Amino acid sequence: MTPSLIDRAEQRDYQTLFIRDLNWSRPDHAPVTVEHDARTMTATNVSSYKGLRVWVVDEKPDSNIEAVVDRHLARTSTDRILIFHGDTEQVWRWPVRRAVGSTTITRLSRHRHRDGGTDPRFGEKLEAIRLPLDEVLDSNAVLAKVRQAFDVEAHNETKHASKLMARLYTAMEKSYPSTTPRAVRDHEISVTLARILFLLFGDDTDMWKPDLFSDFIRDHTAADGSDIGSQLTTLFGYLDTPDNKRGSPGPGLEGFRYVNGRIFTERVTLPVLNAEFRSAVLQACDRDWASISPAIFGSMFQSVRDAETRRQLGEHYTSEENILKTLSPLFLDELRAEFQHVRTLGKYEADRLRKLREKLGRIRYLDPACGCGNFIIVAYRELRDLELAIMERLQEITGDNPMLLANVGLSVTLDHFYGIEIDEWPARIAETAMFLVDRQCDLKLTASLGHAPDRLPIQEQATIVVGNALRLDWATVCPRPGQVIVAGNPPFLGPHTRTKEQLEDLQSVWGTKDLGRLDYVTGWHRKCVDYLAGEDDGRFALVSTSSIAQGDQATRLFPYIFKNGWRLRFAHQTFAWTSEATGAAAVHCVITGFDKNNKPDPVLFEYPNFKGAPREITARHINAYLIDGPTIAVVPRSTPLAADLAKVVLGSMAKDGGHLIVEPEDLDHFTSDPIAAKYLRPYIGSRELLHGEKRWCLWLEDATPLDLSRSLALRERVAAVRAFRLDAKAPSTNDFASIPHLFTQRAAQRTTFVCIPGVSSESRPYLPCARVGQEVIASHLNYQVQDRDGLQFAILSSAMLLTWQKTIGGRLESRIRFAVRTVWNNFPLPLLSGRQRADLIAAGQTVLDARAQHPHLSLAQHYAASGMDPDLQAAHLDLDRKVGALFGVCAGAAEGDRQQALFDAYLELVPSPVILE
């Protein structure tokens, strides 16, 4: 960093700064005079570079006047840096553009620098726009450098803000006496940090004199932090005191406005804090909070909460990208498209624009699992941006006074937004964040139209209710006039991770104790349907675990939704969830959006790569498995539907503490014992099947009592199994101590069989199965099916089978989890002729032969996502041609075509399918 750059800026010698120090060119435009409200200001062009101009105004007006000057300069300088300065402070502004649908929204970014202050980011910005001496850059390259310096987006600030929030949280925790109940401590910390966030925004968004809060902490609290708690307590009380009840302000309080609302109402007496806390507050004051989206507060919150609490609550905080995946196809895209259409209507445009504003005002938005308010924040911001675009267009075509447009009352207001959150701390953050995003939207309004409503004292607030959403009546939170939209990201908790209380919540919502494998999130689906009953124009969309559209859950959840008149308006198939929080959980999700309309056509978002971008597809009808197909339920069966499929069973289970398993290092010990050697069998668990590792087991089903007593190796292992089973906690395991020489579940095969992995990577192009001899024992981590002639192997190795599995089967995270009753027993294989059977067997053998050419490779290596051996690939394509021909699809067909063919075949084999409507 070059200190002279900041020094030059503080000397107000901007022309020298840009031309000599930053290597820009000389000015190319005469000064511009701007008149507003009987006030005259002059903007001087001090430097330029290929159309990009730097303007300086030798005074520091309020942000409204700044916006007026910028709009005037925009007529001649599309790309510009605008500098306002007073005696001790300067503000650098730069227009940042953001796409909203097909419309571009412009707002002014703002960097305020106080002379003599510690401001490394100001130096970084100046350094970033320095041009090279030995290279002539084109205009686009210079624009890129300026954007790098001034386009401050929220995600660039998230890590810094999160670390500061964590420091504040930790410092406050340390300051509380150990005798303070945890609930009291956590409550007071949550209230305090929410208030500090508000004050940080206030300093940077013109709620009061710039840096008023920063000055209060720096100048009116002791350096050791010993009195900062009492001083904050005094400040919080002052902010909640109306002007007519205030006496003379105490030291540092003058200039703070009455806030009203619920932010400062509760009286909290803070403990004696410390220098660490004070230092963290001052560091937070040095950041530009006006540029940080309140939507990141959830990420900051997750960073300071312990992992166990997050797991219990099922929290998965959401990136803005994923929020917009939910909100845009649910309702925002439609509103944006209507705005674009209205702009083509000529003389009717102004009237229709006003009606569109009124339509925005009828929307009520509820997030019934709002966390820190990410969804509500983004929904509010996007609707405010759209309303601003409408207002800008009205001004353009009607010449209406911008202040008149702003003063008629905004259609999109905070009191139309609602949230329910079970945990107080995020609810407090959500409540505060909504006011802050409202303030940011007002700054955009000011930058564009030169005026915005004065929000202090607060008159309108979002309604955030602390409570259990599955026990509350949502209508008491968000009444239902206007169009109600429900959207959010409820907790992700499966049958094995939820608490007893959460199970009772879910049973209460569904009205039954028989929940099958329903995830906790499905309680929100049920509540949405019940809450919006009778609302023809209502809509809802929820981020959910991908398992809701698989197996048993799909056949339990979607019938209730469809039978109540809802359809899937859009769906994002399984994708990898991303969060902006450090250490966020890795989960795989779907997003489902519902309405009761027939138009527009449903939209599917497919993910060829779970971590990649989606492919958008217009569908005829999206079914419970989130594909374009019939609305039927593929219900579990106890036997195969197809006549040519054999019964699949689970492998053998030992429950032996590992004592009946022989590892490679122990093999010599058992082979040297002639009695024990007779009972050694190859043993295939999941790693052995997929990665070619070797293990053996002692299969003692036919062992005689004499052999068991004569072999020391067998006696030791059998005794160890007995001890393990007797010490087990499960009574069922204790019972098997009476037969310590046997596996608890025995499924040895009497013929050649196919070993099928219970779980396999989703990235493999085929299900990696092995055809093995009857001497092999498969563990319970695998499935097995007798296969004397090779037909079962051929079917299991086909793309059609894997498509069926991925479409209706369950998953473990994103991995394929083989399902016998749902997937295999329902695979709709048409009845085979003798010729077709022989062709499939031969094609399957070709696959085995291709593998045999590389015996050193494991199944995982044969079917690596990075690519297959060409001979093996060719063998599979031949097999796919033959299996696909049975269903009327060609090899290499798109997955959607295979899915449609499979459902058609299923309907032919099942005369009375379960219809989900």
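This is a predicted model: local features need pLDDT of at least 70, side-chain atom pairs count only at pLDDT 80 or more; totals for chains, interfaces and linings use all residues.

Author: Helix 15 passes helix 17 in a right-handed crossing. Where helix 15 (residues 374–398) and helix 17 pack, their axes come within 10 Å and cross at roughly 20 degrees. Angles under 35 degrees count as roughly parallel, so helix 15 is roughly parallel to helix 17. On the helix 15 side, the residues that meet helix 17 are I376, I377, Y380, R381, R384, D385, L388, M391, E392 and Q395. On the helix 17 side they meet A433, M434, V437, D438, C441, D442, K444, L445, S448 and L449.

Helix 17 (residues 424–449) also packs with helix 7 (residues 182–204), at an angle of about 10 degrees and with the axes 9 Å apart. Because of that angle, helix 7 too is roughly parallel to helix 17. Helix 7 makes this contact through H187, I189, S190, V191, L193, A194, L197, F198 and F201. From helix 17 the contact uses E424, W425, R428, I429, T432, F435, L436 and Q440. Helix 17 therefore has two helix partners described here, helix 7 and helix 15.

A further pair has the opposite sense. The axes of helix 8 (residues 212–220) and helix 10 (residues 275–285) come within 10 Å and cross at roughly 150 degrees. An angle over 145 degrees counts as roughly antiparallel, which means that helix 8 is roughly antiparallel to helix 10. Their crossing is left-handed, whereas that of helix 15 and helix 17 is right-handed. Here F213, S214, I217 and R218 of helix 8 meet R278, V281, L282 and C285 of helix 10.

Now for the strands. Strand 10 covers residues 483–488, and six of its six residues are buried. Q483, I485 and A487 point one way from strand 10, while V484, V486 and G488 point the other way; all are buried. Strand 10 is joined to strand 7 (residues 363–367) by four bridges, and the two run parallel. Within that pairing, Y365 has I485 of strand 10 as its bridge partner. Strand 10 also runs parallel to strand 11 (residues 539–545), again with four bridges between them. There, G488 is bridged to L542 of strand 11.

Four strands in the order 18-20-19-24 form an open sheet with mixed pairing. Strand 18 (661–662) and strand 24 (777–778) each have a single partner strand and stand at the edges, so one side of each is left without a neighbour in the sheet. Strand 24 pairs with strand 19 (residues 680–684) in the parallel sense over two bridges. One of the residues involved is Y683, whose bridge partner in strand 24 is I777.

T522 belongs to helix 20 (residues 522–531). With a relative accessible area of 0%, T522 is buried. Not counting residues up to four places away in sequence, T522 touches L506, W510, I548, Q553 and L557. T555 lies in helix 21 (residues 551–563). T555 counts as buried because its relative accessibility is 18%, and the limit for buried is under 20%. Leaving aside neighbours within four places in sequence, T555 is in contact with Y625, A633 and V634. The C-alpha atoms of T555 and A624 are 7.5 Å apart, although 69 residues separate the two along the chain.

Some totals give the setting for these details. The chain has 917 residues, of which 57% are buried. Its secondary structure comes to 33 helices and 28 strands. Among contacts in the chain with a separation of 6 or more, 73% are between residues 24 or more positions apart.

Conventions:
Residues are numbered from 1 along each chain as its sequence is written. Side-chain values use heavy atoms; hydrogens and water are left out. Buried means under 20% relative accessible area, exposed over 50%, partly exposed in between (1.4 Å probe, protein chains only). Contact means heavy atoms within 4.5 Å. Two strands pair if DSSP finds at least two bridges between them. Axes are lines fitted to C-alpha atoms, for helices over the stretch in contact, and angles run from 0 to 180 degrees between N-to-C directions. Angles under 35 degrees count as roughly parallel, over 145 as roughly antiparallel, 65 to 115 as roughly perpendicular and the rest as oblique. A crossing is left-handed if the near helix is turned anticlockwise from the far one by less than a right angle, and right-handed if clockwise.
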